[in-house]
Amino acid sequence: MRVKTFRGENMAAALAMIRQELGKDAVILGTQSVREDGKTLCEVMAALEYPDKEAPPRPAPAVPAQSAAPKGRPGNGAAPKPGGKVAVKPAAATMPTSPQPADWNREWTEIKGHLLALMRPRLDLSSLTPRQRLALEYLEREGVDEATILALYRSIVERGEDAVIPALSRLVAVKPLTPALWPATAHMFIGPSGVGKTTILLRLALDAKRRAKDGPVTVVNADAGRGKGRLMLRHYAELSGLNYAEADGPEAFGRFLDGAAKGEAVFIDTPSLTHGGGPEAWLTQWGLTGRDQLAAHLVLSPTYSSAQSEHYLRLARCEHLASIIWTKLDEACNYGSLVNMAHASGLPVSALTYGPELTGGMAAASGKALWKLLFKRQLPGQYPDADAAA
């Protein structure tokens with residue numbers, strides 16, 4: 001059996017390399033996302049049962065029933081095999097049939113776990129304290145993937161630390177979405193349909209209005225294709241005393257970014273991510289490339305699978321992508337994806353939101369808020385704000 005690992009920019013590229021080198025009979029043993037030179041790659045482990053230059057072993061011929069067994073060896077028509085084992089003559093003198101595809105699939109399923117365990121970097125859990133081992137086991141049950149668990153393990157061992165939280169803090173960075181940390185910046189929200197981009201925009205705009213008091217706060221609709229969402233954004237902006245604007249060209253965006261540079265709070269709603277592509281072409285069309293006053297935030301929900309989140313991360317990659325905002329935290333059953341995406345993207349978490357209400361239901365990201373969410377499943381609104389301070 002020949003086993004090899006392939007890396008590509010995406011799953012399609014990795015599969016093309018597998019087909020070219022191993023052929024159409026290759027079997028996929030496992031997949032994962034890895035970081036290399038600052039890029040996220042798709043790693044696929046594949047195997048070929050019988051490489052091109054090898055042939056399957058031929059079964060040993062059976063000794064005829066009437067032949068006498070060699071002295072000192074078992075009788076009953078048995079032929080000795082290496083290692084002292086005996087092959088019994090089959091009832092019919094026919095070659096065994098080849099296993100059916102379903103049988104091979106069952107066999108690969110059984111040995112896949114063993115192969116991955118042998119080929120993964122060794123985790124010597126004896127070098128950890130009991131509390132650290134329990135923490136890593138808990139994170140694995142919460143959905144933290146193997147690559148991220150390994151990164152945490154290495155970080156702990158290399159520094160000889162007694163706790164898991166410092167390693168998590170290095171892996172899951174935070175940068176609260178506050179004016180002090182994001183000065184002179186217009187904020188653009190990217191994400192799939194239904195994740196809550198418009199809701200988080202309005203929540204942040206209302207929070208900015210409370211902070212700025214008399215300062216201007218502008219919400220910008222840059223998604224001309226939305227009907228209901230456009231009306232909702234305009235309706236809530238008018239009710240809340242927010243400035244509402246619709247982007248109609250690069251000149252308008254230039255004015256919005258210039259306003260942000262002068263201290264105006266600007267929040268931009270964008271078209272939803274689709275299979276058609278990410279925001280790069282959209283940014284170029286609107287003249288937003290190379291502008292320092294713009295930060296893009298990827299809006300995700302922990303209810304998505306790892307494959308979905310990684311897919312949206314690939315689509316959202318652009319020069320302005322600066323953080324991840326997590327929404328619908330109250331609808332999730334676990335929060336391992338918060339750690340996985342931080343590891344896969346290298347982006348900080350900037351805000352946490354939950355519940356349907358526009359007022360409340362949002363907290364600036366902090367380390368303690370993340371750990372309470374991850375280990376205690378406590379939403380930010382379930383304890384005093386002071387307990388969530390970084």
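Student: Hi! What share of the 390 residues in the protein is buried?

Tutor: Buried residues come to 42% of the 390. Keep in mind that this is a predicted model.

Student: Okay. How many helices and strands does the protein have?

Tutor: There are 12 helices and 13 strands.

Student: Let's pick one, strand E7. Where is it, and is it mostly covered or exposed?

Tutor: Strand E7 spans residues 217-221 and is mostly covered, with 5 of its 5 residues buried.

Student: And which residues sit on each side of E7?

Tutor: Val217, Val219 and Asn221 are on one side, while Thr218 and Val220 are on the other. Both faces of E7 are covered, as the residues on each side are buried.

Student: Which way does E7 pair with strand E9, parallel or antiparallel?

Tutor: E7 and E9, which covers residues 265-269, pair in the parallel sense, over 5 bridges. One of the residues involved is Asn221, whose bridge partner in E9 is Asp269.

Student: What about strand E8, how many bridges join it to E7?

Tutor: E8, residues 243-246, is joined to E7 by 4 bridges, and the two run parallel. There, Val219 stands opposite Tyr244 of E8.

Student: Last one! Among contacts with a separation of 6 or more, what percentage is between residues 24 or more positions apart?

Tutor: Such residues account for 71% of those contacts in the protein.

Key. Residues numbered from 1 in each chain as written. Predicted model: local features only at pLDDT ≥ 70, side-chain atom pairs only at ≥ 80, totals over all residues. Heavy atoms only, no water. Buried < 20%, exposed > 50% of the residue type's maximum accessible area, 1.4 Å probe, protein only. Pairing = 2+ DSSP bridges. Contact = heavy atoms within 4.5 Å.
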